[in-house]
Amino acid sequence: MPSDNKSDNANSQEPATNKPKNFSNQFALAMELPFVLVAAVIVGGLMGYLLDHWLHTRMVFTVLLGGIGFFAGIRDILRRFPGSKDGSNRS
């Protein structure tokens, strides 16, 4: 007989309740990632376009800042995955 008053059934139900929560978190992350990437490229490209328009240059800054926005979007996507190198362990 165990000395505590907990039932053995409590531990077996815990993973079943975490499964829908885990699925919904993964689904939400999967739906959010394309918007993060596209938004970073659009913001970078728009800032480059405005800078090109202001300085009367060709599409130098548009391409440059759009590329920087792309890499920033990829970095943000990789940062959101669990077990990333920044030391946080998200579940």
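Predicted model: local features only at pLDDT ≥ 70, side-chain atom pairs only at ≥ 80, totals over all residues.

User: Thanks! Why is Thr62 called buried?

Analyst: Thr62 sits in helix H2 (residues 60-80). Buried means under 20% relative accessible area, exposed over 50%, and partly exposed in between (1.4 Å probe, protein chains only). Thr62 has 17%, so Thr62 is buried.

User: What does Thr62 touch, not counting residues up to four places away in sequence?

Analyst: With contact meaning heavy atoms within 4.5 Å, Thr62 touches Gly45, Gly48, Tyr49 and Asp52.

User: How many aromatic pairs does a search of the whole structure find?

Analyst: Two. Rings of Phe, Tyr and Trp (its six-membered ring) pair if their centres lie within 6.5 Å; planes under 30 degrees apart count as stacked, over 60 as edge-to-face and the rest as tilted. Phe23 and Phe27 lie 6.2 Å centre to centre with 20 degrees between the planes, so this pair is stacked.

User: Why are Phe23 and Phe27 separated by about one helical turn?

Analyst: Because they are four residues apart in helix H1 (residues 9-55).

User: And what makes the pair of Phe70 and Phe71 edge-to-face?

Analyst: Their planes are 70 degrees apart and their centres 5.5 Å, so the pair counts as edge-to-face. Phe71 is exposed because its relative accessibility is 59%, whereas Phe70, at 37%, is partly exposed.

Technical notes:
Residues numbered from 1 in each chain as written. Heavy atoms only, no water. Helix = DSSP H or I, 4+ residues; strand = E, 2+ residues; numbered from the N terminus.
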